[in-house]
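Visitor: I am new to this structure. Could you show me how to read it?

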Amino acid sequence: MIFYFSGCGNSRHVAETIATSLHDTLVFIPEAARENRYEYALSEGERLGFVFPIYAWAPPKLVLDFVKKLQLASMPDYVYFACTCGDECGKTENFFRKAMEEKGWSLSACFSMKMPETYIGMPGFKLDTEEKAAQKIEATEATMKRNIPRLINKEQFSEMDLGKAAWLKSYVINKSFNKYATDDSKYHVDLKKCISCGKCVEVCPLQNIKLPQGEPVWHGHCTMCMACYHHCPVNAIQYGKGTEGKGQYYFKKTEDRS
Ligand SMILES: Cc1cc2nc3c(=O)[nH]c(=O)nc-3n(C[C@H](O)[C@H](O)[C@H](O)COP(=O)(O)O)c2cc1C
Ligand code: SF4
Ligand code: SF4
């Protein structure tokens, strides 16, 4: 069984690829949490997997919150996670190992893959060029090809892109990020551009957006995945002044619009 989260499709692609190879079932974490589905049973020898993007050098808070509440009928014998990041994951592995220990489970394997950047909410953050994005996707396909057999064989391994000053980023900056940078009140929409298509409502994994009078309204429980910003077909959504002119990305966007 694979529990996964994804805002802009990078991690969904990874989760789907692993699930196909392992003939495994996928559970989308925000949906399960919304429906209070925390109790699961694994078949004998079934692997327990998690796939998610890196948010501020750690697993997204909603993933860790879900893990805390997750209940299994029996002890999993092989637990792994696969995560996607723009560049570096910091001490993500430590966060996850601790979450597993708190449940009395142990992490057997983990690996990270660089995928196209999705976070552009602050000055200095920008999307990858199309060329760099394509290179990252190609490298991820190769990493999956190499590591999926290791999951099938239940190998113990850790292959993470830590990056520099990992401790500071994961344990200090991450706290401020979760406290201050997931505030959706900075989202605003250019009403001259908005065509009331409802795409932002449809893609929000937390059902945090409503369209009462044909224009989006954010409702204060945002994880800052930026899916609403990236998927708007007329680029009418901005986050403060940090996103102006920075372009949009989601997995397979180029194919969608060609
Ligand atoms: C809120 C937020 C925070 C992020 N923080 C990091 C980070 O700390 N390190 C990193 O390398 N990438 C970071 N990224 C980039 C994503 O981890 C990366 O683009 C990921 O593949 C997105 O996955 P998704 O398409 O499944 O949502 C961040 C993205 C978002 C939206
Ligand atoms: S996706 Fe864009 S155009 Fe569509 S309703 Fe939302 S803001 Fe308006
Ligand atoms: S409101 Fe936008 S950024 Fe926040 S969770 Fe929904 S789609 Fe993601």
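Visitor: Which residues of helix 1 meet helix 5?

Guide: This is a predicted model. In helix 1, V14, T17, I18, S21 and L22 make the contact, and their partners in helix 5 are M144, I148, L151 and I152. Sorted by class, this contact between the two helices holds seven nonpolar and two polar residues, with no charged ones.

Visitor: Which domains does the assignment give for the protein chain?

Guide: The domain assignment lists domain 1 as 2-177 and domain 2 as 184-246. Taken over C-alpha atoms, the centres of domain 1 and domain 2 are 25 Å apart. Where the domains touch, domain 1 supplies 13 residues and domain 2 supplies twelve residues. On the domain 1 side, nine of the residues are nonpolar, three are polar and one is charged.

Visitor: Which residues come nearest to ligand 2?

Guide: There are 14 residues around ligand 2, and those that come nearest are C194, C197, K199, C200 and C232.

Visitor: What classes make up the shell around ligand 2?

Guide: The shell of ligand 2 has eleven nonpolar residues, two polar residues and one charged residue.

Definitions and conventions. Residues are numbered from 1 along each chain as its sequence is written. Chains are lettered from A and ligands numbered from 1 in the order in which they are written. This is a predicted model: local features need pLDDT of at least 70, side-chain atom pairs count only at pLDDT 80 or more; totals for chains, interfaces and linings use all residues. A residue is near a molecule or strand if its C-beta atom, placed from the backbone, lies within 6 Å of it. Ala, Val, Leu, Ile, Met, Phe, Trp, Tyr, Cys and Pro count as nonpolar, Asp, Glu, Lys and Arg as charged, and the others, Gly among them, as polar. Two residues are in contact if their C-beta atoms, placed from the backbone, lie within 7 Å. Helices (H or I, at least four residues) and strands (E, at least two) are DSSP runs, numbered from the N terminus. Domain bounds come from an automatic or database domain assignment.
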